[in-house]
Amino acid sequence: MNIKLSLRLAALPAALLLSPALSCTTAHGQSLATQKVQRAMDVLRLKPDLASKACLDKLDDMHKMEKVIEDASDQAHNPNLSLAHDVMESDYEDATESCVPDAAKLCANPGPLASANQKKLCDALDAIMTVDGSDEGEEMATPPQGTASD
């Protein structure tokens, strides 16, 4: 594992705990994609080394966009704020596709020392994944390879 990825893995729990969009918004005020990412992050905080590079990259994108939104919110009548919120929602959907499979792997193979808290967090992830009848992200055992062109 390279040093940069190791440092990002080590910083993962702190970055997620400090993220305003991930920690301060109430559940009913969040989009479904936001709630899915939050539940996946709750699970991955238990074993941050299971977060894939793709997941970490998507989280980095989200944090960058959070900063853009924060900065734009300080400006009165910023026409780009609506677009930034749309991009942020897309970032959450991308993070769902990358991070939920990582969390689902941990839930599928909890290990002999799994805690009651881990089971509770995995149950919450499973519940949010079935809200819309979708198992988006769960069907993938490994992160997608390459990129799709639109």
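Here is a short chat about reading confidence and helix packing in a predicted model.

Colleague: Where do I start, and what average pLDDT does the protein chain have?

Modeller: The model is predicted, so begin with confidence. The protein chain averages a pLDDT of 74, and 67% of the residues score at least 70.

Colleague: Which elements have the lowest and the highest mean pLDDT?

Modeller: Helix α2 (residues 20-23) has the lowest, 41, while helix α3 (residues 32-44) has the highest, 92. Over residues 16-28 the pLDDT is below 50, and that stretch has 27 contacts in the model beyond near neighbours in sequence. Residues 135-150 also stay under 50; there the model has 21 contacts beyond four places in sequence.

Colleague: Now the packing. What describes two packed helices?

Modeller: The angle between their axes and the distance between the axes. Take α3 and helix α4 (residues 53-73): they pack at about 125°, axes 13 Å apart. That angle makes α3 oblique to α4, and the crossing is left-handed.

Colleague: Which residues of α3 and α4 make the contact?

Modeller: Val37, Met41 and Leu44 come from α3, and Cys55, Leu59 and Met62 from α4. By class, that's six nonpolar residues, no polar and no charged.

Colleague: And at what angle do helix α5 and helix α6 cross?

Modeller: Roughly 135°, with the axes of α5 (residues 81-108) and α6 (residues 116-129) coming within 10 Å. So α5 is oblique to α6, and α5 passes α6 in a left-handed crossing. On the α5 side, the contact uses Val100, Ala103, Ala104, Leu106 and Cys107; α6 brings Gln118, Cys122, Leu125 and Met129. This contact has eight nonpolar residues, one polar and no charged.

Conventions. Residues numbered from 1 in each chain as written. Predicted model: local features only at pLDDT ≥ 70, side-chain atom pairs only at ≥ 80, totals over all residues. Heavy atoms only, no water. pLDDT = per-residue confidence, 0-100. Helix = DSSP H or I, 4+ residues; strand = E, 2+ residues; numbered from the N terminus. Contact = heavy atoms within 4.5 Å. Axes fitted to C-alpha atoms, helices over the stretch in contact; angles between N-to-C directions. Parallel < 35°, antiparallel > 145°, perpendicular 65-115°, else oblique. Left-handed = near helix turned anticlockwise from the far one by under 90°. Nonpolar A, V, L, I, M, F, W, Y, C, P; charged D, E, K, R; others polar.
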